[in-house]
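Please open the structure in a viewer and keep the selection panel at hand. The stops below are given in the order in which they may be selected.

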Amino acid sequence: MMRLPGMPMLPGAQFYDRGKRRHPRQQTLMHYQGIQMLSDRREPELVEPNGIVADPKCPPVPAQINSLWAPKATTKLPPWLAYDKQVLCFSAYFKENLTEIYHAPYQVRKVKIYFYLEDGTMQVTEPKVENSGIPQGCLVHRQRIPKAPPTDREFISIFDLNVDTDIQIFDRVYHISGCDVFTRQFLNRAGIFVPEAQQEPCDPTTEIRKRSGLKQTANSCSSALPKKHSFAQFLEFDRRVLKFQGYWNDRSEFGDVRKLEICYYLADDTIDIKEKFPRNSGREGPSTFLKRGKLPKEFSGLPLPGQQTALTLLNVLGNSMRDVRYVADPLNTGQKQVLYYTDQDLQIGAVLNVFGRAVVLTGCDQFTQSYYREKYGIQEFCSQPVPERSDIRPYTQGGMGSRRLPPYNGWGSHEDSEGNCITVEPKPPQADFKKLFKYDGCILRFGAKLISAIRDNGERDFVISYFLADDTVQIYESSRRNSGFLGGEFLKKARVPLPGQDMFSSSRPEYYRANDFYIGRTMTLKDHIFHIVSADEFTLMYMEQHPSEFPVADIRLIMQKIRDAVRPDYKQFVLCCKSDGDLGDFTTVGFDTLRSTLLSYLSKECLLNHEIVTVCRYFSAEQAMPPSCDRNRVRAAAQLELKRALWNGVEQLNDHLSHINPACRPYISESQVRSTLRGCRLPFSLELVEDILMVLQRNGQNEIEVRDFLAFFNMRSDQVPDIAPLNIAFELCPKLPFLHKGRLVDFTWFLDYLGLEEELKRANS
């Protein structure tokens with residue numbers, strides 16, 4: 001039963017909670033730590049997620065929340081579910097007395113108070129402040145916090161938390177100064193007025209630290225602080241490093257360009273250098289080029305033992321080794337001052353003397369640029385180039401000039417020969433694995449004829465295969481009966497170089513590429529002349545889908561070429577293609593007619609045969625024949641699959657159709673039929689489902705008849721003869737590819753794309 005808050009239990013003031021389904025009896029006895037006792041704990045009541053009851057542990061009394069209307073019959077949930085992940089956040093502070101600081105009697109510590117609505121627990125945390133000198137973090141762990149005496153038997157609830165109020169938590173008084181947006185909205189929805197946020201007082205200790213910092217920087221410039229003491233320098237510039245990129249050009253016999261990374265530590269003015277090993281360089285081990293330390297500017301060689309000492313002796317008094325007195329030079333008159341590199345000496349283009357090795361600085365990172373921009377006013381940081389290796393390297397012994405790669409001798413490939421000349425232990429040339437994985441299985445096939453003075457050779461048919469994965473070419477000969485030629489492999493799979501190159505030179509030759517093959521091309525392959533006459537469907541489609549790689553398949557370039565050639569005599573061109581001049585909404589011309597007309601305006605060198613094929617395929621008027629399927633054969637295959645799976649779910653099928661078609665319409669859409677077949681788990685493959693949808697009866701809106709769909713799977717009333725098992729994907733409804741594209745051209749579409757009709761109309765008007 002439900003009743004209005006503040007109303008007596010009288011008839012008319014009680015309502016039946018229709019959302020309540022369970023009415024268990026409350027447990028009155030409990031077993032706690034081995035003692036049987038009376039249970040007086042109060043279980044949390046069910047609450048509404050968006051209702052007025054905000055605290056499940058402390059429900060409001062009639063004086064706090066009053067209502068004259070009956071409560072709404074909404075779904076109530078337990079508190080741990082209704083207020084899951086909902087936390088009230090308050091900003092607060094407390095003052096802590098100080099006895100050790102003369103100018104600050106107290107300090108203000110700012111905290112965050114979290115109240116978890118799901119169980120009424122609280123948590124107090126203090127955000128960490130850098131260099132505060134006090135332990136910060138979680139001050140009070142999450143728990144239910146009792147109120148201050150004399151009400152210490154009760155716990156703090158949301159009615160005790162509000163802006164501009166004081167709250168005592170374990171002998172420490174916090175003053176709440178603000179809250180977040182969610183907390184304000186939640187309390188307002190619960191009927192609690194939330195004042196505006198207050199400004200928190202300033203911390204005296206923080207102000208003292210700020211004033212002391214201003215005094216230190218009063219006489220300094222706006223850039224980095226001056227370095228007066230080593231420890232002060234360490235505190236100011238700790239973990240600040242200037243990073244440069246550079247190189248050392250080793251000009252020895254087996255030297256190389258060493259790429260280096262120079263780090264200058266501002267905390268103690270030390271430098272360390274690390275070497276960056278390139279991939280496959282053959283170098284291993286530690287990459288330390290120079291251990292961290294101060295780097296002197298001048299280097300004249302390693303000092304002898306005892307040459308550098310901390311004290312300079314002026315004289316030694318005494319005759320024996322026992323009674324000897326030393327007179328030291330307190331002014332260090334003879335000691336030579338050593339200058340070290342500082343941040344002023346480091347800049348892009350500078351040359352550092354690293355113990356006799358010239359290290360050139362070529363670039364720096366973003367932090368280094370900002371540091372020099374603020375301190376020294378440098379604005380330009382242009383990186384310098386790094387010399388790279390090449391196959392021409394200086395040979396220092398004997399002055400014999402430069403060493404070059406020797407010419408190719410004919411053994412192996414050019415890559416293998418280069419590997420034998422560069423390294424002592426040659427390695428096989430690395431393949432382009434990214435290209436191999438991308439174009440694996442992609443083969444361009446062309447039909448070709450052999451051009452020869454022998455008549456019988458001209459009748460031989462060849463298939464040229466170009467493999468995109470590794471740019472290799474393979475030629476097969478098609479065998480014919482009684483031709484005198486066996487057929488088979490004519491050229492093994494290999495890369496074919498372009499003719500007319502010097503093969504025995506030190507440079508690599510150029511090989512045939514994919515864009516060198518197209519219909520109408522005459523090429524020389526291994527001293528044999530071939531003329532390409534055709535290409536398969538995959539090759540033509542691939543070339544048309546990649547017009548940037550194959551200009552002969554770029555329809556825009558081809559049509560622009562035709563447009564420029566036909567523009568002066570456009571009407572005569574139309575009459576040559578269509579002699580009767582009848583141009584309707586759908587006018588077609590044949591491939592041979594359009595080809596002969598185009599060649600009369602453009603020569604064979606300007607308009608290639610492959611370009612004509614591309615145009616005819618693009619404006620093709622042919623349409624693929626609809627696939628034919630025998631209804632009885634498809635139905636027999638479907639019933640065979642049902643028998644093999646022991647399927648008997650006709651009633652389930654009827655129920656599913658009644659669910660998706662409550663209006664009992666005679667026709668339903670194809671998508672609903674697909675969902676029915678998958679939802680009722682009929683043991684059909686995707687190919688068989690497509691064949692079934694193809695043979696079902698449809699109406700004018702392409703919807704499927706429900707009665708025909710149910711009768712199709714009814715094996716009791718109308719059963720078709722069984723058939724032998726077959727391959728459903730290929731044998732049930734053969735789907736032949738459409739390979740005769742381009743024999744008939746849509747001339748109306750061709751003229752519209754050409755766009756000369758509109759130009760002619762504008763010129764006449």
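Select β25 and strand β26 (residues 528-535), which pair in the antiparallel sense over 4 bridges. Helices (H or I, at least four residues) and strands (E, at least two) are DSSP runs numbered from the N terminus, and two strands pair if DSSP finds at least two bridges between them. Within this pairing, threonine 524 has isoleucine 529 of β26 as its bridge partner.

This is a predicted model, in which local features need pLDDT of at least 70 and side-chain atom pairs count only at pLDDT 80 or more, while totals for chains, interfaces and linings use all residues. Residues are numbered from 1 along each chain as its sequence is written, and side-chain values use heavy atoms, with hydrogens and water left out.

Contact means heavy atoms within 4.5 Å; axes are lines fitted to C-alpha atoms, for helices over the stretch in contact, and angles run from 0 to 180 degrees between N-to-C directions.

Move on to helix α12 (residues 591-601) and helix α13 (residues 609-618), which pack with their axes 11 Å apart at an angle of about 130°. That angle makes α12 oblique to α13 (angles under 35 degrees count as roughly parallel, over 145 as roughly antiparallel, 65 to 115 as roughly perpendicular and the rest as oblique). To inspect the contact, display Phe591, Leu594, Arg595 and Leu599 in α12, which meet Asn609, Ile612, Val613 and Cys616 in α13. By class, this contact of α12 with α13 has 6 nonpolar, 1 polar and 1 charged residues (Ala, Val, Leu, Ile, Met, Phe, Trp, Tyr, Cys and Pro count as nonpolar, Asp, Glu, Lys and Arg as charged, and the others, Gly among them, as polar).

Then select helix α16 (residues 670-679) and helix α17 (residues 686-695), whose axes come within 11 Å and cross at roughly 140°. α16 and α17 are therefore oblique to each other. On α16 the contact is made by Glu670, Val673, Arg674, Leu677 and Arg678, and on α17 by Leu686, Val689, Glu690 and Leu693. The contact of α16 with α17 has 5 nonpolar, no polar and 4 charged residues.

Turn now to strand β7 (residues 121-126). How many of its residues are buried? The count is 6 of 6, where buried means under 20% relative accessible area, exposed over 50% and partly exposed in between (1.4 Å probe, protein chains only). Thr121, Gln123 and Thr125 lie on one side of β7, and Met122, Val124 and Glu126 on the other. Strand β6 (residues 106-116) runs antiparallel to β7 and is joined to it by 5 bridges; lysine 112 has threonine 125 as its bridge partner. β6 and β7 form a hairpin with 4 residues between them, and glycine 120 in the turn has a positive phi of about 75°. β7 also pairs with strand β8 (residues 137-143) in the antiparallel sense over 4 bridges, and valine 140 in β8 is the bridge partner of valine 124.

Finally, select serine 417 in helix α6 (residues 414-422). Serine 417 is buried, with a relative accessible area of 17%.
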